[in-house]
Amino acid sequence: MAKSPETVSLDQLDKDQMKTFSDFLMSYNKLSEMCFTDCVRDFTSRDVKDTEEKCSLNCMEKYLKMNQRVSQRFQEFQMIANENALAMAQKTGKL
């Protein structure tokens, strides 16, 4: 039985959403593990110490800002690369 085009595109949408969610979870887990490793030192108490909490918040903030900055720079480089490719295509007459 062949799938309708709507079913195929919904399947692809579901796969894309799952990939996006999976990427988010991987990033979240990496951030959690990294900040936990860097900030949590005392396992003799159930309470989170103020210094650990402050360290964790700073770690998370720096990581998210760095991630945002890298994403911005990547987008900038992609736009420049696309503009250069378009200019080259126009110059060589392949457009």
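Reader: Before I get lost, what does partly exposed mean here?
Author: Buried means under 20% relative accessible area, exposed means over 50%, and partly exposed is in between. Keep in mind that this is a predicted model.

Reader: OK, so where does Asn-58 fall, and why?
Author: Asn-58 has 40% relative accessibility, so it counts as partly exposed. You'll find Asn-58 in helix H2, which covers residues 50-92.

Reader: How far is Asn-58 from Cys-39?
Author: In sequence they're 19 residues apart, and in space their C-alpha atoms are 9.7 Å apart.

Reader: Switching to cysteines: what is a disulfide, anyway?
Author: That's a covalent bond between the sulfur atoms of two cysteines. In this protein the count comes to two disulfides.

Reader: Which cysteine does Cys-35 pair with?
Author: Cys-35 forms a disulfide with Cys-59, and their sulfur atoms are 2.0 Å apart. Cys-35 sits in helix H1 (residues 5-39) and Cys-59 in helix H2, so the bond ties together parts that are 24 residues apart in sequence.

Reader: Is that disulfide left-handed or right-handed, and why?
Author: The torsion about the S-S bond is about -85°, so the disulfide of Cys-35 and Cys-59 is left-handed.

Reader: And are Cys-35 and Cys-59 buried or exposed?
Author: Both Cys-35 and Cys-59 are buried.

Reader: What does Cys-39 bond to?
Author: Cys-39 is joined to Cys-55, again by a disulfide, with an S to S distance of 2.0 Å. This pair also links distant parts of the chain, with Cys-39 in helix H1 and Cys-55 in helix H2, 16 residues apart. The link is left-handed, with -70° about the S-S bond.

Reader: How accessible are Cys-39 and Cys-55?
Author: Cys-39 has 5% relative accessibility, so it counts as buried. Cys-55 is partly exposed, with 28%.

Reader: What's the pairing if you number the bonded cysteines in sequence order?
Author: It's 1-4, 2-3.

Reader: New topic, aromatic rings! How many pairs are there?
Author: Three aromatic pairs. One of them is Phe-36 with Phe-43, a tilted pair with 6.1 Å centre to centre and 50° between the planes. Phe-36 is partly exposed at 45% relative accessibility, while Phe-43 is exposed at 60%.

Reader: Which residues make up a ring cluster?
Author: Phe-21, Phe-24 and Tyr-28 are linked into a cluster by ring pairs.

Reader: Last one: how much of the protein is buried?
Author: Buried residues make up 8% of the 95 residues. The accessible surface comes to about 8,700 Å², and 60% of that belongs to carbon and sulfur atoms.

How values were computed. Residues numbered from 1 in each chain as written. Predicted model: local features only at pLDDT ≥ 70, side-chain atom pairs only at ≥ 80, totals over all residues. Heavy atoms only, no water. Phe/Tyr/Trp six-rings, centres within 6.5 Å; stacked < 30°, edge-to-face > 60°. Buried < 20%, exposed > 50% of the residue type's maximum accessible area, 1.4 Å probe, protein only. Helix = DSSP H or I, 4+ residues; strand = E, 2+ residues; numbered from the N terminus. Areas by Shrake-Rupley, 256 points an atom, 1.4 Å probe, with all protein chains shown as cover. Disulfide = S-S within 2.5 Å.
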